[in-house]
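Hello,

Here is the structure I promised to pass on to you.

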Amino acid sequence: MTSRAERDTRSARLLGILVLLVILWPTSASAHGINGLAESDYLVEITSTPDLPGVTVRTIETGARIELINEAPYSVEVLGYSGEPYAEIRPDGVYLNRMSPAPYLNETDGGGPPPSFASAAATPQWLKASDEPRLRWHDHRAGWMGRQPPPHVQDDPQLRHRVLDWTVPLRVGTNVHFVHGHVDWIPPPDTAVWTAGVLMLAACVTASALSTVGRRWVAPVLIALAGGAAVADAVGRATTAADYDVPWFLVLITAEAWPALAGLASLAAAGYALTRKPGADLAWGVAGAATALMAGVSRFGGFTSSITPTPWDGDVTRLLVLIALGVGTGLAAATLVSARRPRDTASE
């Protein structure tokens, strides 16, 4: 028989966990995609660039944008969708033609309607947009803009397909040069297999953490592993999203703050649990729930898309998410179960 005080304590712990889950759920959901990067099945690559000394062109953010850096003493002009002047990257910075429709269309990957005064036939009006000779933009020519994959991809989505070849024109003086590239469809991962892996890992973690040895030794190691996976994933996404003027660690503490904090909380919970202080299981249970939500559920897109916004292969990202989500869920479930059953104090 358990005393009423013990029952009240278990009930309070259970209520506290549930409240934290409710609080953390919307927080983790809002953290998803906050840095503007997203998973994709389309690989954007540049195949050739013009031979312009001092000018560098590359894709960034997993192909979502193109970056042009001009360290030459002359200006490089990017032409818009109708061949009009869109942007000039001069030695003293970037200038945008406010009369071109392109600056408005290129603000986001999905684009937006340009204002009524914008016209490719209008005389350019240049506005300085940056003091650095570096332009990053979403170019709709260098990406698949359809809502659905092309028909030949839909016929066999498990094979890699060439979706389109693209060209972006540049102009230096009166000479026109071209950046060439292509977009390939990369088969998405088997979502069912990765989801099953999460469920199996969570079940094994729950069973292990419910034993006395599991609470003392296994759970702290597992929550440290989940925390490390969450931090690594957050750092990877921050480095991918880092801009010229915003270093990766500033992106980490802004756009990736919640997943990173959840990972750090898990590492702290692991250290606390190893001291065998009272409430250690509650600490790693709550930290596990936070990690599962912020660094797991919010990253589920990696299980459905082949390309992830990280500097490493998508399977590495998926493995980090699997660890964070599976271990975090398993430890949170173990804490909920243990909070509802009498504790064998003699075995502690």
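To start with the contacts (heavy atoms within 4.5 Å): of those in the protein with a separation of 6 or more, 68% are between residues 24 or more positions apart. Please keep in mind that this is a predicted model, where local features need pLDDT of at least 70 and side-chain atom pairs count only at pLDDT 80 or more, while totals for chains, interfaces and linings use all residues. Residues are numbered from 1 along each chain as its sequence is written, and side-chain values use heavy atoms, with hydrogens and water left out.

The protein has 9 helices and 10 strands (DSSP runs numbered from the N terminus, with helices being H or I of at least four residues and strands E of at least two). Of its 348 residues, 47% are buried (under 20% relative accessible area, with exposed over 50% and partly exposed in between; 1.4 Å probe, protein chains only).

Now to the sheet. It is open, with 7 strands in the order S1-S10-S9-S4-S5-S6-S7 and antiparallel pairing (two strands pair if DSSP finds at least two bridges between them). Strand S1 (42-48) and S7 are the edge strands, each with a single partner, so one side of each has no neighbour in the sheet. S7 is joined to strand S6 (residues 93-97) by 4 bridges, and Leu96 has Leu127 in S7 as its bridge partner.

Tyr104 belongs to helix H2 (residues 102-105) and Phe117 to the loop between H2 and strand S7 (126-130), so the pair ties together parts 13 residues apart in sequence. Phe117 is partly exposed, at 36% relative accessibility.

Trp194 and Phe303, with centres 5.8 Å apart and planes at 15 degrees, are stacked. Here Trp194 in helix H4 (residues 191-209) is linked to Phe303, 109 residues away in the loop between helix H8 (280-294) and helix H9 (314-339). Both residues, Trp194 and Phe303, are buried, and together with Phe300 they form one aromatic cluster.

Best wishes

Terms used: Phe/Tyr/Trp six-rings, centres within 6.5 Å; stacked < 30°, edge-to-face > 60°.
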